Amino acid sequence: DVQGVNGATVVLAGTTAYAGIDEKAGLEEGETDRIKRDVSSEMKKVEPRLTAVYVSSDPDIITRLQRVAGGVAAGQPVSAFTNELTEIANRLSPMP
């Protein structure tokens with residue numbers, strides 16, 4: 001659990017993680033960056049093999065990640081979503 005986050009959608013592709021986070025309303029200026037760093041840090045604690053973590057609170061990216069996660073849950077391989085995940089990565093910077 002990360003303070004300031006209501007929930008998250010996470011997709012793992014090899015050693016890369018993509019997280020779409022639903023932040024709590026009314027956050028102060030600058031809290032979003034702290035939350036993203038905290039999410040990245042927690043994910044790396046849970047899965048130390050991660051080499052890149054992308055975190056976004058953008059509603060479009062969250063929707064796209066939910067679509068990918070739903071496809072994977074329905075039995076499609078993550079590789080079927082390579083183009084989608086590449087587009088997402090191109091819009092974001094990996095978190096430290």
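V11 touches T16, A17, Y18, L65, V68, A69 and L85, leaving aside residues up to four places away in sequence; contact here means heavy atoms within 4.5 Å. The model is predicted, so local features need pLDDT of at least 70 and side-chain atom pairs count only at pLDDT 80 or more, while totals for chains, interfaces and linings use all residues. Residues are numbered from 1 along each chain as its sequence is written, and side-chain values use heavy atoms, with hydrogens and water left out.

V11 is placed in strand β1. Helices (H or I, at least four residues) and strands (E, at least two) are DSSP runs, numbered from the N terminus. V11 counts as buried because its relative accessibility is 4%; buried means under 20% relative accessible area, exposed over 50%, and partly exposed in between (1.4 Å probe, protein chains only). Between V11 and T51, 40 residues apart along the chain, the C-alpha separation is 14 Å.

**Aromatic pair**

The ring centres of Y18 and Y54 are 5.4 Å apart and the planes stand at 10°, so the pair is stacked. Rings of Phe, Tyr and Trp (its six-membered ring) pair if their centres lie within 6.5 Å, and planes under 30 degrees apart count as stacked, over 60 as edge-to-face and the rest as tilted. Distant parts of the chain are linked by the pair: Y18 sits in strand β2 (residues 16-23) and Y54 in strand β3 (residues 52-56), 36 residues apart. Both Y18 and Y54 are buried.

Y54 is also in contact with L92, which touches Y54, V55, S56 and I61 when residues up to four places away in sequence are not counted. L92 is found in the segment after α3. With a relative accessible area of 18%, L92 is buried. L92 and Y54 are 38 residues apart in sequence, yet their C-alpha atoms are 6.6 Å apart in space.

E84 lies in helix α3 (residues 82-91). E84 counts as buried because its relative accessibility is 19%. Its side chain makes a polar contact with the side chain of R67 at 3.2 Å. Such a contact is a pair of N or O atoms within 3.5 Å; within protein, one must be able to donate a hydrogen and the other to accept it, and residues adjacent in sequence count only if both atoms are side-chain atoms. E84 touches R64, R67 and V68, again not counting residues up to four places away in sequence.

**Two loop residues**

G30 is in the loop between β2 and α1, and A74 lies in the loop between α2 (59-73) and α3.

| Residue | Relative accessibility | Class |
|---|---|---|
| G30 | 47% | partly exposed |
| A74 | 65% | exposed |

The C-alpha atoms of G30 and T63, 33 residues apart along the chain, are separated by 23 Å. For A74 and R64, 10 residues apart in sequence, the C-alpha distance is 15 Å.

**Largest pocket**

The largest pocket has a volume of about 190 Å³. On a 1 Å grid over the protein atoms alone, a pocket is an open set of points with protein on both sides within 12 Å along at least five of seven lines, where a 1.4 Å probe fits; lining residues have an atom within 4 Å of a point. Grid points are joined across faces, edges and corners, and the volume is the space filled by probe spheres set on the points.

The lining consists of D1, V2, V5, N6, G7, A8, V10, I21, V39, E42 and M43. The elements giving two or more residues to this lining are β1 (5-13) and α1 (31-46). β1 supplies the largest share, 5 residues. By type, the lining residues divide into 7 nonpolar, 2 polar and 2 charged, where Ala, Val, Leu, Ile, Met, Phe, Trp, Tyr, Cys and Pro count as nonpolar, Asp, Glu, Lys and Arg as charged, and the others, Gly among them, as polar.
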